[in-house]
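Let's go through this protein together as a set of questions and answers.

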Amino acid sequence: MGPSFNEQFDQHGAWRRAFAQQLKRLGQWMGSHDLMDAAVEERLQRLEEQVRSDKVTVAFVAEFSRGKSELINAIFFAGYGRRIMPASAGRTTMCPTELGYENGTAPSLRLLPIDTRMQSLGLAEWRLKADRWVKVPLDMDDPAQLAQALEKVSEVRRVSVDEARALGFWSDEAADENPVLDAAGMVEVPMWRHAVINIPHPLLKQGLVILDTPGLNAVGAEPELTINLIPQAHAVVFILGADTGVTRSDLTIWRDHLGTAEDATDARLVVLNKIDTLWDTLSSPSQVQAQLERQRQTSAELLGVPLSHVVPVSAQKGLVAKINCDDILLESSGLPLLEEALAEGIMGRRQAILRATVASGVASLQSETRRVINIRRRDLDDQMLELRSLRGKNASVIDAMRGRIEQEQQEFEASTAKIQAVRAVHLKMLREVFHQLGPRSLKAQLVELTEALQPKGLKLGVRKVYGDTFAKVRTIMEAAQSTGIEIQAMLGGTFRQLNTEFGFSLQVPAAPQLGNYVQEIVAIEQRHLQYVGMGNTLRLAQPEFAQRLLRAMGLRLRTVFESAANELELWSKTATAQLDAQLRERKRSFSRRIEAVNRIQQAANGLVDRIAEIEEAEQHLAELEQRLTELTSDLVRQPQAPEGVDIDIPLTELQPLAAS
């Protein structure tokens with residue numbers, strides 16, 4: 001059996017820190033040898049920050065009372081010797097709960113009141129309003145206080161049917177799924193809309209984020225969960241009851257919120273929890289195992305997942321076994337198999353994606369740095385030819401050489417006006433693209449949909465408006481891609497001309513690829529589609545819900561637009577940085593050549609000394625190139641998958657993590 005999820009995540013954290021340190025050393029070395037310009041420095045900083053701050057999100061999704069919180073306790077918090085997340089009979093976690101770690105922030109539980117659903121702001125915007133959250137300090141040295149404080153995520157309140165409807169917990173169209181009315185005609189709803197737990201758990205400190213979601217009603221009523229948080233998780237653990245299998249409400253959650261997101265980078269694991277309910281003295285172990293296998297087969301077929309992705313587990317027995325150090329019970333609980341599946345499905349793939357991302361970036365930096373070294377080497381060769389040609393020559397020949405160098409310098413300086421003109425056109429085109437990808441442009445595209453969703457009552461024709469809106473949004477991204485290709489072609493022509501006239505080695509990078517952002521827009525459209533269908537007609541009639549839906553969609557699209565703009569900006573800096581570097585090196589070359597002639601005129605032995613200096617400089621360049629290879633060889637090596645892990649990395653995963 002392979003390492004547990006906790007052990008594998010520890011190894012992943014150590015690997016990330018070592019990898020980031022390698023990148024830092026590379027940057028320090030490049031800076032100390034004048035091989036670093038602003039664009040290269042920014043790219044290295046982005047890569048290092050991406051590796052250091054990489055987050056791995058595991059979302060636990062299920063209907064109520066499937067044992068999500070108990071499973072989280074068993075996998076991550078057994079070391080406390082007791083339950084940390086509330087996990088008792090009936091409903092426990094009543095609001096979406098995120099567990100993570102923010103460096104420099106005291107351990108705490110932050111709770112967003114459920115009344116905020118009456119306003120149109122999305123969760124991402126509420127996160128910026130610290131004063132609206134209820135904050136509960138956590139004592140990490142007192143597990144009992146910690147567990148008691150976290151019980152607050154189970155708190156409920158009773159409201160009228162009208163208020164429950166406004167909050168999204170009552171549906172006139174699906175009466176059989178509504179909460180039960182009490183004797184006073186009141187409805188039980190969660191006290192809190194969202195909870196964020198910040199604790200310095202070793203795994204959370206290394207970048208793990210755990211998302212514990214409530215049941216069907218709460219998930220469906222919070223569009224930002226199904227549009228942003230769950231789809232962006234690196235793994236989704238979907239939990240069923242081993243005794244019930246796939247129920248109708250389970251199938252609804254899977255079909256509406258999970259099954260349509262066929263992202264190759266997401267690990268979809270299905271857990272048949274509470275297998276201990278099948279252990280009874282009237283059935284033999286083989287009969288129990290046969291029953292479990294039938295449930296696995298049926299669940300896999302109904303959900304459309306491989307049989308290997310359905311894992312039978314007893315979270316409660318696994319937690320007890322870990323606390324009591326009972327290896328036999330732990331084996332029987334099936335928990336080690338689930339941890340191994342999580343480790344292989346997340347850690348191996350995540351590390352491979354990070355490696356590929358860094359390898360791609362470092363390979364580009366390596367190529368650009370070698371180009372700078374080769375420019376310097378070629379300039380030294382030119383100087384060496386000039387100086388050797390001066391041996392035995394008189395003063396008039398040396399004066400003629402000075403004149404020729406100065407003439408070349410003047411012609412070169414005159415060409416910079418043309419270069420600046422091209423750069424001005426380039427920047428103008430980029431500004432236009434940034435404007436199209438900006439928040440005002442996006443808001444303008446959403447105006448028609450906003451107007452269609454704002455009125456009270458049934459939203460007839462909203463589906464067509466919805467489709468038209470996303471078609472316009474995709475058109476903007478496709479236009480940005482076309483502009484990027486146009487800029488690349490323009491720079492390519494300029495670079496070729498400069499290479500011919502001045503012997504540069506400029507190479508325009510491949511055109512920016514924004515197709516993955518178009519695909520992400522399509523994915524967002526599909527995730528929202530359920531909300532504008534006939535099944536949500538009455539819910540969509542509520543202005544508050546329509547506003548939350550629009551906010552969640554707008555924030556996600558804005559993130560995609562910003563990520564695309566950032567990629568275009570970085571591409572532009574990469575393209576122009578090599579031009580700046582070669583212009584700078586050529587100017588230095590002219591200065592060095594004139595300086596060499598001056599020194600030869602001033603001293604008889606200056607020629608010999610200068611030739612020796614150039615030979616020494618050429619040796620130094622060879623040493624720099626060798627050291628560059630040594631520092632980047634590990635970073636650009638292609639990722640190796642752990643045994644049993646299939647690495648298939650789509651283009652969307654090779655982008656910076658700002659979209660996360």
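Q: Which strands do the buried residues of helix H5 pack against?
A: This is a predicted model, and H5 spans residues 143-150. The buried residues of H5 are Leu-146, Ala-147, Ala-149 and Leu-150. They cover an arc of only 160° around the axis, which puts them on the same side of H5. The strands that these buried residues pack against are E3 (108-113), E4 (134-137) and E7 (192-198).

Q: How many of the residues of strand E9 are buried?
A: Ala-235, Val-237, Ile-239 and Gly-241 point one way from E9, while Val-236, Phe-238 and Leu-240 point the other way, and all are buried. The strand is therefore largely enclosed by the rest of the structure, and the count for residues 235-241 is 7 of the 7.

Q: What is the bridge partner of Val-61 in E9?
A: Strand E1 covers residues 56-61 and pairs with E9 in the parallel sense, over 4 bridges. For Val-61, the bridge partner in E9 is Phe-238.

Q: What is the angle between the planes of Phe-60 and Phe-76?
A: Phe-60 is buried, with a relative accessible area of 0%, and Phe-76 is buried too, at 4%. By the ring rule the count comes to 5 aromatic pairs. Phe-60 and Phe-76 form an edge-to-face pair, 6.3 Å centre to centre, and the angle between their planes is 85°.

Q: Which elements hold Phe-60 and Phe-76?
A: The pair links distant parts of the chain, with the two residues 16 residues apart. Ring pairs also link both of them with Phe-77 and Tyr-80 into a cluster. Phe-60 lies in strand E1, and Phe-76 lies in helix H3.

Q: Is the ring pair of Phe-238 and Trp-254 stacked, edge-to-face or tilted?
A: Phe-238 is buried, and so is Trp-254. Their rings are 5.2 Å centre to centre, with 50° between the planes. Planes under 30 degrees apart would count as stacked and over 60 as edge-to-face, so the pair of Phe-238 and Trp-254 is tilted.

Q: Which parts does the pair of Phe-238 and Trp-254 tie together?
A: The two residues belong to parts that are 16 residues apart in sequence. Phe-238 lies in strand E9 and Trp-254 in the helix of residues 248-258, so the parts tied together are E9 and H10.

Q: Which residues does Phe-77 touch, not counting residues up to four places away in sequence?
A: Leaving out residues up to four places away in sequence, Phe-77 touches Ile-72, Arg-82, Ile-84, Met-85, Leu-99, Ile-199, His-201 and Ile-210.

Q: Which residue in E7 is the bridge partner of Glu-98?
A: In strand E2 (residues 97-100), Thr-97 and Leu-99 point one way and Glu-98 and Gly-100 the other way, and all are buried. E2 and E7 run parallel and are joined by 4 bridges. The bridge partner of Glu-98 in E7 is Val-196.

Q: Which residue in E8 is the bridge partner of Thr-97?
A: E2 also pairs with strand E8 (residues 208-212), in the antiparallel sense and over 3 bridges. In E8, the bridge partner of Thr-97 is Asp-212.

Q: Is Ser-314 buried or exposed?
A: Ser-314 is found in the loop between strand E11 (310-312) and helix H12 (315-324). Not counting residues up to four places away in sequence, Ser-314 touches Asn-273, Lys-274, Ile-275, Asp-276 and Ser-333. Its relative accessibility is 0%, so Ser-314 counts as buried.

Q: What does the count of disulfides come to?
A: A disulfide is a covalent bond between the sulfur atoms of two cysteines. Cys-95 counts as buried at 1% relative accessibility, whereas Cys-325 counts as exposed at 65%. The count of disulfides comes to 0.

Methods
Residues numbered from 1 in each chain as written. Predicted model: local features only at pLDDT ≥ 70, side-chain atom pairs only at ≥ 80, totals over all residues. Heavy atoms only, no water. Buried < 20%, exposed > 50% of the residue type's maximum accessible area, 1.4 Å probe, protein only. Pairing = 2+ DSSP bridges. Disulfide = S-S within 2.5 Å. Arc of directions from axis to C-beta. Contact = heavy atoms within 4.5 Å. Phe/Tyr/Trp six-rings, centres within 6.5 Å; stacked < 30°, edge-to-face > 60°.
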